[in-house]
Structures are given as C-alpha cells and as structure tokens.
Amino acid sequence: VETSRQQLQSELSRAGVDFKLEQPLAPMTTWKIGGPAEILVTATDQEQAGNALSLADRFSVPVTFLGGGSNVLINDAGIRGVILKNEIQGIEVVSSDQNTDNIINDQTSGTTPQARLQQVDINEYYDFSELDYDETGAPRVFVTVKSGTSLPFTINNLISQGITGLQWFAGIPGTIGGAVLNNIHGGSHFFSEFIETVTVMDLKGNLRTISKDELGFDYDYSALQDNTRFIISAKLKLYQGDKNRAQQTAILWAQNKKKKQPYNTAGCCFKNILPEEMRRLQLASNSWGYIIDKKLGLKGHSIGGAKISELHAAFIENIGQATSADVLVLLDLIFERSQKILGITPKTELFFLGFEPGTISKFTN
Ligand SMILES: Cc1cc2nc3c(=O)[nH]c(=O)nc-3n(C[C@H](O)[C@H](O)[C@H](O)COP(=O)(O)OP(=O)(O)OC[C@H]3O[C@@H](n4cnc5c(N)ncnc54)[C@H](O)[C@@H]3O)c2cc1C
C-alpha cells in the first residue's frame with residue numbers, strides 16, 4: 001500500500017513540481033544548523049507553491065515555510081513533511097503618486113507599533129540615531145515585491161531607481177516574506193510603516209490580498225506568524241526621496257551593524273524588555289545584549305560549537321560545528337540565570353522549526 005508520503009511524491013511529480021528528498025537544511029540558514037528536509041520543494045513561482053500546498057493538504061502532510069533562513073533554529077533531526085523554500089522573486093514599480101496631500105493624511109491614520117523598543121542602549125551596543133532623518137514629505141511610490149526576493153537586493157535595487165524608504169533595514173539578511181512576517185525593525189523604523197497590502201496563499205493554495213490594518217503589526221509581530229498562510233508578495237508604499245542620502249545611509253547603517261553584530265547567527269535571540277521593567281530593575285538598558293553581558297555574566301560563554309557572542313551578547317554564534325542541542329542548552333542557561341538573578345523570563349525572537357512542542361515550549365512563551 002502506498003503511504004500518503006509516496007502518494008504526495010507521485011502527485012508532485014505529475015504536477016511538475018520539483019522536489020528533493022532528505023536535503024540538508026543547514027546550508028540554507030545563516031546559523032548553518034539543522035538536519036535534513038524530508039521533502040524539499042523550492043518554489044520559484046506562485047503556481048509551484050500553490051500546487052505544493054494544495055497537494056500536501058490533500059495528503060495531510062505538514063508544510064513548513066523557509067525564506068532566507070536568517071531567523072530560524074532548525075532541529076538537528078531535521079524537519080518532517082514538506083519544506084517550502086521560497087524563491088519567488090521580482091520587483092515591480094506599480095505607480096508613483098505626486099500628490100503630497102495624501103501623505104499628511106496617511107501619517108495621521110497610520111498605525112505605529114507599540115513603542116517597545118527603547119534606544120537607551122549604551123554606545124557599546126549600537127546607536128544609529130544620528131543617521132535618522134525624516135522623508136515623509138516626499139512623493140509616494142508603490143512597489144510590489146515578491147516574497148522570496150532578498151531584502152538587501154530589494155533595498156539596493158530600489159534606491160538605485162531613486163525609490164527610498166527601506167534604507168533603515170540595510171544590513172538585515174533574509175527575504176521580503178521574512179521582513180513582513182516579523183515586522184523587522186531598523187533603528188526607529190518598522191517594516192510595517194511601508195506596507196500597504198500583503199498577498200498570501202492559504203494552505204489549500206487559494207490567494208487573498210490583505211490590507212495592513214488586518215495584520216496586527218507590532219514589535220517583531222504580525223498575525224501571519226500563525227503559519228497558516230504563505231506570503232506571496234507585498235505592496236509597499238515608498239518615497240521618491242533623496243537617492244544619494246538614502247544610499248549613503250544604507251551603506252553606513254550596514255557597516256555599523258556589521259561591526260556590532262556577528263553574521264554566523266540567527267540575529268538577536270531576545271526581544272528587548274519593556275521600558276517599565278528596565279526602570280523597575282534599575283537597568284541601564286532594555287537590551288538583552290546589555291543584560292546578558294553585565295547582569296548575567298554570560299558574554300563569551302560557550303557550549304559545544306555555540307557561543308554567546310563577544311560582539312553582542314544577545315547573539316549566539318556558531319563557532320564551528322554547533323548543533324541545535326548546543327543552542328538550546330545556552331538558551332536554557334540564559335533563561336535560568338535571568339529568572340534567578342533578575343526574576344524575569346526572556347522572550348525569544350527566533351522561530352524553532354522541526355521540534356517537538358515539549359522541547360521548545362519553555363522558549364516560545
Ligand atoms: C546578522 C543578522 C542581523 C539581523 N538583524 C535584524 C534586525 O536588525 N532587525 C530585525 O528585525 N531582524 C534582524 N535579523 C533577523 C532576520 O534577519 C529577520 O527576522 C528576517 O526578516 C528573517 O527573514 P528570512 O527570510 O530569513 O526568514 P526565515 O528565517 O527563513 O523564516 C523566519 C520565519 O518566517 C517564516 N517565513 C519565511 N518566509 C515566509 C513566507 N513567505 N510566508 C510565510 N512564512 C514565512 C518561516 O516559516 C519562519 O517561521 C537579523 C539576522 C541576522 C542573522
């Protein structure tokens with residue numbers, strides 16, 4: 001009797017969807033950690049993604065989405081089911097709007113994420129505030145970007161066309177899909193400031209375009225994190241701004257980040273604590289880089305191939321052959337110490353893929 005996995009594979013082949021079995025996932029992540037994908041589908045267009053999703057749904061095989069792999073911890077045992085790797089790429093300038101009257105209205109109606117991020121970091125960490133400027137008076141331009149397009153490529157490509165706004169996110173790896181799902185932040189800016197609509201595909205392969213207001217954007221959060229929709233594209237509302245200034249800003253921003261943040265990581269592991277909490281605990285900063293270094297004394301601590309970064313202690317580096325098990329032990333140590341010393345529980349900003357819920361429930365509170 002054919003299993004549902006075998007049936008799925010035959011149907012994928014019949015539909016012309018390329019897939020590979022037991023493919024290593026570590027090379028597809030910035031952390032270079034994680035075991036194989038049981039069934040890896042690399043989608044380069046919407047149709048392939050739709051076929052993979054609807055067939056997986058028909059045979060009740062679970063699907064996991066993967067973008068640039070810059071914010072995930074993948075289990076050493078790998079991920080079972082279909083892994084849909086997103087390589088749907090393209091940038092299209094839709095229209096420009098010379099009417100600056102609209103802009104004033106937009107600013108008043110726009111939703112600003114909860115001001116959780118306090119730039120009280122001591123200089124040792126990072127402070128880009130001197131690079132910040134306001135371009136909200138510039139004419140608007142609408143651009144549709146497909147979700148598998150690299151964020152750094154998108155920023156450079158648009159600025160070279162004189163389309164600005166995304167310079168604050170220079171130096172952040174990953175895809176547009178990941179940037180939307182996480183509502184990434186750069187300095188005082190959030191990605192959601194620039195989102196107009198997002199087109200998603202549900203688990204049966206049906207398309208839907210959702211307006212920004214329905215997506216509940218907040219600090220490192222969007223409703224899309226429920227993993228029930230695959231992001232296909234985002235319509236962004238950008239500026240016809242100062243090209244040279246945006247270019248310079250992007251270069252400096254990326255350079256500064258590179259100096260202070262290691263790349264062999266999955267980004268910052270923890271969300272900044274609330275400003276009230278910081279004041280209650282009489283801390284000089286609400287960043288976990290500061291807390292792990294100065295309060296928990298764990299900067300530079302390592303387990304196996306995983307090390308709490310000397311550059312920024314909220315980053316865990318893979319200094320060689322790190323495993324997901326090594327990272328979980330380090331996370332556990334940070335959790336235990338912060339509960340014991342400060343009485344607070346960190347909130348992780350990582351996505352854990354391929355784990356049994358019980359193994360990671362402590363870290364996904
Ligand atoms: C050196 C470094 C610096 C970083 N700096 C920052 C920073 O300054 N600010 C910041 O906010 N983040 C930062 N990050 C974190 C990370 O780069 C971002 O969160 C990025 O947006 C993740 O995108 P990705 O495509 O790599 O997503 P992935 O890591 O591939 O996936 C993350 C999650 O999104 C889901 N996902 C991915 N694509 C889709 C899709 N198309 N549809 C539905 N779900 C999807 C995945 O299933 C997973 O749960 C940094 C990371 C590194 C390594």
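Strand β13 is joined to strand β14 (residues 306-308) by two bridges, and the two strands run antiparallel. Within this pairing, S302 stands opposite K307 of β14. The model described here is a predicted one, and these two strands belong to an open sheet of three, ordered β13-β14-β15, with antiparallel pairing. Because β13 (302-303) and β15 (316-318) stand at the edges with a single partner strand each, one side of each is left without a neighbour in the sheet. Helix α9 (residues 324-342) lies across β13, β14 and β15, and the helix runs at about 30° to β14.

I360 is found in helix α10 (residues 357-360), and the C-alpha atoms of I360 and L328 are separated by 8.3 Å, although the two residues are 32 apart along the chain. Once neighbours within four places in sequence are set aside, I360 is in contact with L328, F352 and F355. The relative accessibility of I360 is 10%, so this residue counts as buried, the cut-off being under 20%.

A parallel pairing is found between β3 and strand β5 (residues 79-86), which are linked over four bridges.

Another pairing involves strand β7 (residues 140-146), which is mostly covered, with five of its seven residues buried. Seven bridges join β7 to strand β12 (residues 229-239), and these two strands run antiparallel. A handy landmark here is F142, which stands opposite K237 in β12. In a regular strand the side chains alternate between the two faces of the sheet.

Helix α4 (residues 151-160) has L151, T154, I155, L158 and I159 among its residues, and these five are buried. They cover an arc of only 120° around the axis, which means that they lie on the same side of α4. At the start of α4, a side-chain oxygen of S150 comes within 3.0 Å of the backbone nitrogen of F153. After α4 comes G162, whose phi is positive, near 85°.

As for confidence in the prediction, the mean pLDDT of the chain is 91, and 91% of its residues reach 70 or more. Residues 99-125 call for a separate remark: the pLDDT over this stretch is below 50, and in the model the stretch has 54 contacts beyond near neighbours in sequence.

Note on methods:
Residues are numbered from 1 along each chain as its sequence is written. This is a predicted model: local features need pLDDT of at least 70, side-chain atom pairs count only at pLDDT 80 or more; totals for chains, interfaces and linings use all residues. Side-chain values use heavy atoms; hydrogens and water are left out. Two strands pair if DSSP finds at least two bridges between them. Buried means under 20% relative accessible area, exposed over 50%, partly exposed in between (1.4 Å probe, protein chains only). The arc is that of the directions from the helix axis to the C-beta atoms. A polar contact is a pair of N or O atoms within 3.5 Å; within protein, one must be able to donate a hydrogen and the other to accept it, and residues adjacent in sequence count only if both atoms are side-chain atoms. pLDDT is the predictor's confidence in each residue, from 0 to 100. Contact means heavy atoms within 4.5 Å. Axes are lines fitted to C-alpha atoms, for helices over the stretch in contact, and angles run from 0 to 180 degrees between N-to-C directions.
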